[in-house]
Each structure stands twice: as C-alpha cells, then as structure tokens.
Amino acid sequence: MACTSRIMSLSGGLSKGVGHGRLVMGIDASMNHVTSATMREGGKVPYKQWFVSVNPYVKGNIVRWLSMAYDMHGQHNSFAIEGEPPSHVNSFNHSLSLTVLPNDYWMFTAGCEHYYTGFAEGNHSNLVLFDASVVWQITGRTRLSLTASNLLDERSYRYMSYGTLSQSEYAYRIRPRNVLASVQVRF
C-alpha cells in the first residue's frame, strides 16, 4: 500500500520601529498542515495535522527612564484521524520585563514569565515566575546589586498529553528561589 503525504508550510515576520527607533514592535508567525495516513488494524487511515504559531513582541524604551521587553509565543496543534474527534493542544507563554532608571545611580528591574498548556479534554497546566533586581552604582568604580529569582519558589511544571496514537508526559524542573547579592569593584 502506497502512502502519500502532503505538507504545506508558511512562515513570515514583520517588524516596525516607532518613536524614532526607541521602540520595536513585531510579529512572527508560521503554519504547517500535513495530510497523510497511518496504518491501523491492517488498513490505511487518513489523518490531518495543523500547527499554527504566532509570536508578537514589543521591545525598547517607552521614555528615557523606562525600558521594557514583551514576548509572547502562542501555539495551536490539532490532530484528526478520519472518523474520530480531533485532539487539540494550545500552549501559550509570554514574558514581560521592565527596567526603571530614575537616575545615573539606581536601576530597578522586574520580570514575569507565564506558561500555559491546555488540551481539548479541558485539562490544563499553568506556571508563573517572578524575578526582580536592584543595582546601585555607588561610584564610577563600585557597584552593589541584589537579584532575586523565582520569587514564588515554583519547583516544577508538569502535564500529560494524550493523542490518538500516543501518550506523552512532560515534566520540567524549575530553578529554586535564590537571592544573590554582589559587589563589583573595577580597578
């Protein structure tokens, strides 16, 4: 039995600088569509699979003393075997970082990351991470900094995916909460 597959892929991106280049906004996107067949109980069964990804972003200085970076990654996967209901997986993660520079001596940074995975059956998994730092430039040669990562002390991100042909378990270990103080002196 011959099995033919058709694959169609499309991807592209667009970005634009605004505010005399202080801010860059853009979006990248891609799409894949596969039509093929699998063997089941001695017979050929057609299936279709879709993958769509959208990734908008904004980066730069809003005003002289405030900079930001926002990235979002959204994905939709769909798999359908002829005669059966399709299975869907949606994943979404985004990050936001803000840096405030009130003067030449202080810098405050805060960041947040959010991860989400959702399935057609209604179950989902979420993870939120927060980080922060402060830097004090005491002199031209001396600098103090305090950085805190994973402020909520999340330890893992887990979920299971059930497909028509497979079952997958995903488990990610997360860095533990940590605080780092440092002194930098240039000679």
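**Close-up views of a predicted model**

View 1. Trp50 is placed in strand S3, where strands (E, at least two residues) and helices (H or I, at least four) are DSSP runs numbered from the N terminus. The model is predicted, so local features need pLDDT of at least 70 and side-chain atom pairs count only at pLDDT 80 or more, while totals for chains, interfaces and linings use all residues. Residues are numbered from 1 along each chain as its sequence is written, and side-chain values use heavy atoms, with hydrogens and water left out. Trp50 is partly exposed, at a relative accessible area of 36% (buried means under 20%, exposed over 50%, partly exposed in between; 1.4 Å probe, protein chains only).

View 2. Thr99, which lies in strand S5 (residues 87-100), is buried, with a relative accessible area of 13%. Its side chain is joined to that of Thr109 by a polar contact of 3.4 Å (a pair of N or O atoms within 3.5 Å; within protein, one must be able to donate a hydrogen and the other to accept it, and residues adjacent in sequence count only if both atoms are side-chain atoms). Beyond neighbours within four places in sequence, Thr99 is in contact (heavy atoms within 4.5 Å) with residues including Trp65, Met107 and Phe108.

View 3. Strands S6 (residues 106-119) and S7 (residues 124-137) run antiparallel and are joined by 13 bridges, pairing being assigned if DSSP finds at least two bridges between two strands. Met107 stands opposite Val135 in S7. S7 and S8 form a hairpin with 4 residues between them, and Val134 stands opposite Leu146 in S8.
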